[in-house]
Amino acid sequence: MQNPLMQTIEALAKEKGIEPETIITAIEDAVLTASRKYYKTNENLKTRFNQETGQVDLFATKHIVVDVADPATEISLKEAQELYGDEAEVDMEIEFPKRTDVLGRIAAQTAKQVIFQKVREAERENIFAEYNDRVGEVINSTVKRFENGDLIVEIGRVEAVLPRKEQSRAESYTPGERIRAVIKGVNRSAKGPQILLSRTDPALLIKLFEQEVPEIYDGTVMIRGAVREAGDRAKVAVFSRERDVDPVGACVGMKGTRVQAIIRELRGEKIDIVEWSDDAVVFVTNALSPAKVQRVTIVDDGERVMEVVVEDKQLSLAIGKKGQNVRLAAKLTGWRIDIKSEEEKRKEVEEQFGALGGDAGGDEPPAEDAGVESEPGVDEPGAEAASADEASIEVASADESNIEAVSADEANVEAEETPAEMETEKS
């Protein structure tokens with residue numbers, strides 16, 4: 001029949017998910033630590049767990065040498081042969097039993113702490129080894145409690161933490177609620193739960209699509225990129241390996257059943273599914289969905305800058321709420337996108353043409369100075385003649401004015417004489 005201590009060890013090992021040998025080693029180390037504190041010698045102490053009796057045996061080992069230099073750890077060949085006969089030889093080790101029932105309460109308390117520490121370390125190492133290879137995997141968990149905004153959940157027998165920054169602002173939870181989250185990382189040295197979960201990582205969105213869309217699971221449709229602003233909006237770029245398969249339609253499903261299941265899991269987060277293209281212009285056009293793009297121009301290929309022109313009524317839709325749509329499109333495509341309406345683009349072109357026209361007019365010399373280069377303080381030939389001609393023109397203009405005035409007077413005279421002549425004719 002198995003002794004009670006061994007039964008307890010096996011039950012504890014099953015509960016913690018570790019091997020019984022790990023707990024036995026922890027017990028041996030605990031008794032060894034307590035014995036060294038009690039005896040306070042330089043002896044080479046060793047412990048061995050006896051599974052039949054459930055006791056931990058303590059020994060002081062000594063090395064057989066010809067000349068003894070340290071009596072605490074060495075024994076002469078002559079003394080060893082007196083104890084064990086001719087079988088004792090040089091370089092062998094002899095074990096001398098020591099009592100453990102004299103360790104006392106302090107030593108027992110120390111042993112207890114060492115056992116707990118060793119078991120805890122073994123449990124953490126086991127959890128790290130199990131979950132470190134599962135980073136990026138979506139798992140089911142149950143909400144257990146709240147700690148300073150962080151969410152502590154249970155994954156089977158293990159606790160994990162969902163930090164506040166990894167929670168979607170559109171979500172709220174209650175104890176006992178089941179949620180799905182992606183394993184973001186495993187911390188080996190954490191004091192609390194060492195498995196870190198996330199509900200905002202794009203990997204969660206990708207894994208949900210793999211679970212809901214058979215074409216993605218079997219590799220017919222590929223997800224080439226996914227970006228999220230958790231709780232508000234997400235964009236997913238998909239690509240089909242087969243010409244007859246519509247990647248967007250496969251992800252949406254019949255009457256939107258597939259994508260709606262994912263939206264419900266993400267608590268109403270809007271998802272834009274766009275078709276991926278190796279042509280950057282086409283990809284950016286698709287990524288700005290649901291806005292309709294008029295034209296796309298690559299401004300700087302090296303810096304990856306594009307200018308997109310949309311209709312005036314499509315401008316707000318293309319930009320999105322607080323710039324969300326264009327921001328997600330830029331993250332998805334890897335291009336910096338500058339969106340302008342047709343009216344803004346037209347005004348910009350007009351200003352550019354106006355600036356070009358103004359520069360051209362400013363470069364031409366004035367009409368009277370054209371072809372003439374002058375220096376200050378030097379009289380130009382022909383200047384006096386030109387002044388005389390201008391004076392003649394002014395005189396002629398004055399004469400013409402006088403002639404016009406005389407003509408006006410003659411017209412007045414004729415107008416005055418006409419009524420008199422009419423009266424003479426009547427008489």
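1. Basis. The model is predicted, so local features need pLDDT of at least 70 and side-chain atom pairs count only at pLDDT 80 or more, while totals for chains, interfaces and linings use all residues. Residues are numbered from 1 along each chain as its sequence is written, and side-chain values use heavy atoms, with hydrogens and water left out.

2. Helices α1 and α2. Helices (H or I, at least four residues) and strands (E, at least two) are DSSP runs, numbered from the N terminus. Helix α1 (residues 4-16) packs on α2 at an angle of about 120°, the axes being 8 Å apart. That makes α1 oblique to α2; angles under 35 degrees count as roughly parallel, over 145 as roughly antiparallel, 65 to 115 as roughly perpendicular and the rest as oblique. Axes are lines fitted to C-alpha atoms, for helices over the stretch in contact, and angles run from 0 to 180 degrees between N-to-C directions. The contact (heavy atoms within 4.5 Å) is made by M6, I9, L12 and A13 of α1 and P20, I23, I24 and I27 of α2. By class it has 8 nonpolar, no polar and no charged residues.

3. Helices α2 and α4. The axes of α2 (residues 20-39) and α4 (residues 104-131) come within 8 Å and cross at roughly 145°. Residues in this contact include I23, I27 and K37 of α2 and V114, I115 and K118 of α4. They divide into 12 nonpolar, 3 polar and 3 charged.

4. Helix α11. Just after α11, G334 takes a positive phi of about 80°.

5. Salt bridges. The whole structure has 26 salt bridges, each a side-chain nitrogen of Lys or Arg within 4 Å of a carboxyl oxygen of Asp or Glu. E307 and K340 meet in one of these, at 3.1 Å from N to O. E307 lies in strand β14 (residues 305-310) and K340 in strand β15, so the pair ties together parts 33 residues apart in sequence. E307 is buried at 10% relative accessibility, and K340 is buried at 14%.

6. Network. Salt bridges also link K144, R145, E147, E154 and E159 in a network.

Methods: Nonpolar A, V, L, I, M, F, W, Y, C, P; charged D, E, K, R; others polar. Buried < 20%, exposed > 50% of the residue type's maximum accessible area, 1.4 Å probe, protein only.
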